[in-house]
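Work through these exercises with the coordinates open. Each task is followed by a stepwise solution.

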Amino acid sequence: MRAFVMLLGLGLLLLTGAIMALAARPHADFYVAPNGNDSWSGRLAAPNSHRNDGPFLTLERAQMAVRTFRSQHPNLHRPIVVLIRGGFYPLKQPMVFTPEDSGTAESPTVFEAYPGEKPIISGGQVLNNWQAVAPDRWTTTLPDVKNGLWNFCQLWVNGERRYRPRLPINGYYTITQEGTSSPAAQGKGFDQFGYAPGSFNPHWPDLKDVEVIVFHTWAAGRYHVASLDTSRSIVTLVGHTPGTEWWTSFPKGNRYLIENVKEALSQPGQWYLDRSTGVLTYLPKAQERLQNAQIVAPRLDQLLLLQGNPNADVPVSYLVFRGLTFAYSNWNLPPEGHDAPQAEVDLPAAIEATMAHNCLFDRCHIMHTGAWAISLGEGCQNNHIENCAFTDLGAGGIKLGETIIREQPQLIASNNTVQNCLIADGGRLHPAATGIWIGQSPYNRLINNTIGNLYYTGISVGWTWGYGKSLAHDNIIMNNRIENIGQGLLSDMGGIYLLGISPGTVLEHNLLRHIRSLTYGGWGIYFDEGTSDVLAEDNIVYDTKSGGLHQHYGANNRVINNIFALNLEAQLVRTRAEDHLSFTLEHNIVYYRQGTLLGSNWSGNNYHLDYNLYWNAAGQPVTFDGMSFSQWQQKGQDLHSLIADPEFLDPEKGDFRLKSNSPAFRIGFKPISLTGFGCNLDPREVEAALHTPPAFPLPQIDVGQRP
């Protein structure tokens, strides 16, 4: 009897354990796994013991199953869930979701990572059959490349981006003769410039595959070589710049690089793809071993497409992608070259949406891209991108909207949210891309994002130069941390950059720091051409090269209760005098120890400054465009402002808390919280993405040295 009771107790214990295990097992309608089979039901999380049923193998099969299930249950009041097991899911073509895949508010369709596992949806191919032809040289042959079916300019080894050989090995070449236009490019753009003898070699056997990266002021172009005139040291490029304006030209002294030169393959970590033979050569780094190296090359330009029907006003809606990693998208230089006027907005994205409504990307990681990560274009409304990381980006992170103005409300991208995201380590191929770009798109919310380690602007809003019609209004940009921008590579940028008439747009409680341009234009908040009716309040902007605030020209902007500190060349910058009120600056603290207080053009009097606190921490007099404080006040400016030490706790270390006796309280300044900036993702991953090795040669400057 005692033995029976013991056995019964053991049985109950095992049964209880089994019940608990079943209860703990996540439930889904369908499962996908690398060891699955598309002929199975997809109803099991793992293959059964007989291996005649289990999860699906591919996401496409799960997508078809959801369509069928939804057609059989049209009035469902719960989510339809697909759980995806950890592993590598190489796509043969982009996944495409159409209105047929839509869920509803009560029954969204959810594609989610299995708890605790990491599925990687990949546009790349793992490369095998490597041979060590020498201790420092590995090769493999790719038949599709040899047959002209595949080409790529990116490679990753154990998850780290590797680069093609580049000349010069250190630094840059510079243009020796100002660029001109060949007869074919006359009136269209520039396609020629002079080079120092020895920079180009007409005997390179791979000259047709060589790429030239030419840096403009705030952009960079990539081109193939059409011909070399060695007698005059002139290179002619295939294609031309996007116009004949000064900012598209090739002036003497501008920098350029020559990339993908087989003869320059010499540094560990470099690789070269010989398209004529299909042979890929890689020079491994010291710690890399052939037996455990995973080497991936991209095949697909795009991984996921959400395609509603704008013409019929039928969206794709209520889709959720949660916990998924999208990685390895391709990009190849077009035959005519690539040279965008600004922000690389014409490049594609790994994930692109058209007419998507109420879709959600949550806890996803988009990485290893050839161009942009995500684009929400025509008609995309009320979508959310939350808790996501965007790293190792060929171009930028997120595009919201378009460059064109849509007249029909249903076709305007609007009301989209980006919240608690990391966008960093961008511009790896296309340095002029931004972290987040908003085009002709209103009512968006960018909240609590960390953006950095970029070579151009952090957040760019608007696409109308001047006072013409603009749809970039009522955008809220709040609680973002933007840092390590520019890094001395390009010029004319901002931590937050705005264009055009923007009523209702608010920049509130953002931290902008460590912004460095090559020459002019390393600004914190940048009101460019026509920026109007914007409120900038409770922001902290410090350690920029050119100025904490710059208004090129605009109207009726309000800059209230901000801290502008320790900027290098100027603190507040104004470029164009106009007949209307340009801006109002009140209740701000401006603290500096080098450069000037007011930079550029402060002629006229169509601006209003008052109730501000100014202090030159170097002990020098505070002057206002060459005027003393009393002379400045005689113009009617800063009548209630003070010149006094604000008594920050430790400004050199980024601690802008005020001591209790601060005179800032006398001008109505309200303390700004030093917490709540940026995302709350894993701090180690955030810091790692903000400080990856550079993709281009950078000057030795003190970017990021201050906290």
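Buried means under 20% relative accessible area. The model is predicted.

**Exercise 1.** Locate N330 and decide: buried or exposed?

Solution. 
- Step 1: Find the segment. N330 lies in the loop between β26 (325–327) and β27 (349–354).
- Step 2: Apply the cut-off. The relative accessible area of N330 is 3%, so N330 is buried.
- Step 3: List the neighbours beyond four places in sequence. N330 touches W150, N151, F152, C153, Q154, P298, R299, L300, D301 and G370.
- Step 4: Check the side chain. It reaches the backbone oxygen of N151 at 3.0 Å.

**Exercise 2.** Find how many disulfides the structure holds, then examine C359 and C364.

Solution. 
- Step 1: Count. There are zero disulfides.
- Step 2: Take C359. Its nearest cysteine sulfur, that of C380, is 8.1 Å away.
- Step 3: Take C364. The closest cysteine sulfur is in C388, at 4.8 Å, which is too far for a bond. The cut-off is 2.5 Å.
- Step 4: Check burial. C359 is buried at 2% relative accessibility, and C364 is buried with a relative accessible area of 2%.

**Exercise 3.** Which residues touch the most other members of the largest nonpolar core?

Solution. 
- Step 1: L306, F321, F361, I385 and F390 come out on top.
- Step 2: Find the main contributor. Helix α2 (residues 59–72) gives the largest share, five residues.
- Step 3: Inspect F321. Beyond four places in sequence, its contacts include L306, F361 and C364.
- Step 4: Look for another core. A second, separate one has 22 residues, among them F200, Y223, V235 and I258.

Methods
Residues numbered from 1 in each chain as written. Predicted model: local features only at pLDDT ≥ 70, side-chain atom pairs only at ≥ 80, totals over all residues. Heavy atoms only, no water. Helix = DSSP H or I, 4+ residues; strand = E, 2+ residues; numbered from the N terminus. Buried < 20%, exposed > 50% of the residue type's maximum accessible area, 1.4 Å probe, protein only. Polar contact = N/O pair within 3.5 Å; in protein donor to acceptor, adjacent residues only side chain to side chain. Contact = heavy atoms within 4.5 Å. Core = buried A, V, L, I, M, F, W, Y, C linked by side-chain atoms within 4.5 Å.
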